[in-house]
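Biologist: I'd like to learn how to read the cores and the sheet in a model like this one. Can we walk through it together?

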Amino acid sequence: MNNRIFYHKRTGEPVQIIVHAQTKPNFQEVICYQELTKPFACYVMEKRQFFAEYVKEFTKLPLTGKVPIEKREDLPDKQPRISKGKIMEEETEEETQNVDSKMAKLLAFLDAETYRQKMICLENMKDDLDEHMINNIAVSLDLSIENGMDAYQTILSELKIREKYESDRGE
């Protein structure tokens, strides 16, 4: 629906196009649109006039009465890397490869077609598992991991149960 949202050039108020239409008997092209602010009124306007008064991107609105923000010189150009609530320094090449390896293993688990394949993937990544990966795996299986639980064993036992009842129904 975002591709149908436009903004008024002067006020910045959003509207959404409901339908492109034509009038009878002269077949003039019109736009039926609705305001996205209360009272959510609907209007019809000639197509040419509508596109003269509304723009599709909010960033193209004129900045009337607004002062541009100047860049502060005391701030570095580089954004800090943030992970797990703490600011990290630049990663070394070895750390980057380690993260890529973990992601590849997680993706292999998520892409596995059978629960047996998922169990094998889980056993292969046992040493690389962290809280983030465990949570992603649990979410993919629609499991809830509570505090104090052995998440790895919980996931593994769930996979064993599901594998026991897995079958090829469509073939």
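Modeller: A nonpolar core is a set of buried Ala, Val, Leu, Ile, Met, Phe, Trp, Tyr and Cys residues joined through side-chain atoms within 4.5 Å. Buried means under 20% relative accessible area, with a 1.4 Å probe and protein chains only. This is a predicted model, where local features need pLDDT of at least 70, side-chain atom pairs count only at 80 or more, and totals for chains, interfaces and linings use all residues. Side-chain values use heavy atoms, without hydrogens and water, and numbering runs from 1 along each chain as its sequence is written.

Biologist: Which residues touch the most other members of the largest nonpolar core?

Modeller: Phe109, Leu122, Leu129, Ile137, Ile155 and Leu159, out of 17 residues. Helices α2, α3, α4 and α5 each give two or more residues to this core (DSSP runs of H or I, at least four residues, numbered from the N terminus). The largest share, 5 residues, comes from α5. Another core lies apart, with 8 residues, including Tyr33 and Phe50.

Biologist: And how do I read the sheet?

Modeller: Strands of a sheet pair through backbone hydrogen bonds, either parallel or antiparallel. Here a strand is a DSSP run of E, at least two residues, and two strands pair if DSSP finds at least two bridges between them. The order is β4-β3-β2-β1-β5, an open sheet with antiparallel pairing. β4 and β5 are the edge strands. Between β3 and β4 there are 5 bridges, and Val30 stands opposite Glu46.

Biologist: Is Ile5 buried or exposed?

Modeller: Ile5, in β1, is buried, because its relative accessible area is 15%.

How values were computed. Buried < 20%, exposed > 50% of the residue type's maximum accessible area, 1.4 Å probe, protein only.
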